[in-house]
Amino acid sequence: MNDKQRLLIKVSRLYYQDGLTQEFISRKLRLSRPKVSRLLREALETGIVKISVAQEPGCYAEIEREIEDRYGLLEVVVADVRDYDSPALVSQDLGPVAAGYFSRMVQDGDVIGFTWGTTLAAMVDNLQPE
């Protein structure tokens, strides 16, 4: 193992395992902050660091990203429904998902317009007062 590999591993451990900031690492190891950033990128590119994200059942991040990219959308949320042939069950299943998205996205001062329907009613039923 050469000095460069040792440094890549050390910087990666400090950042990813110990949770230290790049700024702190740069001071600790007497490296510039951009150098630390480059080392972390190199550690990823060379396979010293491997990052994986656990995919939970009912989470469709890859499909959401594909739809966002294809249609130029900022965010897409894909949700499971128990029975897509039952409008009532679809509304019940989408209501909590829509309420969570709505609560996260809406900020003070936003102006919102609504139409009406069973899915929107299910969303409103699942909103938490703030």
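A: On α6, the face that is turned away from the buried side of the helix carries the exposed residues T118 and D125, where exposed means over 50% relative accessible area, buried means under 20%, and partly exposed covers the range in between (1.4 Å probe, protein chains only). The model is a predicted one, in which local features need pLDDT of at least 70 and side-chain atom pairs count only at pLDDT 80 or more, whereas totals for chains, interfaces and linings use all residues. Residues are numbered from 1 along each chain as its sequence is written, and side-chain values use heavy atoms, with hydrogens and water left out.

The buried residues of α6 are L120, A122 and M123. They cover an arc of only 155° around the axis, which puts them on the same side of α6; the arc is that of the directions from the helix axis to the C-beta atoms. Helices here are DSSP runs (H or I, at least four residues), strands are runs of E of at least two, and both are numbered from the N terminus.

Helix α5 comprises 19 residues (87-105), which at 1.5 Å a residue should span 27 Å, and its end C-alpha atoms lie 25 Å apart, which agrees; the expected span is 1.5 Å times one less than the number of residues. Within α5 there is a bend of about 30° at L94, followed within four residues by a proline, P96, the bend being the angle between axes fitted to the seven residues ending at a given position and the seven starting there.

The loop between α5 and α6 contains D110, which counts as partly exposed at 42% relative accessibility. The side chain of D110 reaches the backbone nitrogen of Q107 at 2.9 Å; a polar contact is a pair of N or O atoms within 3.5 Å, of which, within protein, one must be able to donate a hydrogen and the other to accept it, while residues adjacent in sequence count only if both atoms are side-chain atoms.

Helix α3 also has a buried face, made up of V36, L39, L40 and A43. Seen down the axis of α3, these buried residues fall within an arc of 100°, so they line one face of the helix, and they pack against α1 and α2. The N-terminal end of α3 is capped by S32, a side-chain oxygen of which lies 3.1 Å from the backbone nitrogen of K35, and just after α3, G47 takes a positive phi of about 90°.

Q22, found in α2 (residues 22-29), is buried with a relative accessible area of 14%, and it touches Y15, R33, V36, S37 and L40 when residues up to four places away in sequence are not counted. S26, also placed in α2, is buried at 5% relative accessibility; its side chain reaches the backbone oxygen of E23 at 2.6 Å, and beyond its neighbours within four places in sequence S26 is in contact with L31, S32, R33 and V36.

In helix α1 (residues 3-17), L7 is partly exposed at 24% relative accessible area, and, leaving aside neighbours within four places, is in contact with L29, L31 and L39. The C-alpha atoms of L7 and L74, which are 67 residues apart along the chain, are separated by 38 Å.

Taken as a whole, the chain has six helices and zero strands. Its radius of gyration is 23 Å, well over the 14 Å that the globule rule gives for 130 residues, so the chain is more spread out than a compact globule; the radius is taken over C-alpha atoms, and the rule is 2.2 Å times the number of residues to the power 0.38. The C-alpha trace spans about 65 × 35 × 25 Å along its principal axes, and 18% of the 130 residues count as buried.

Technical notes
Contact means heavy atoms within 4.5 Å.
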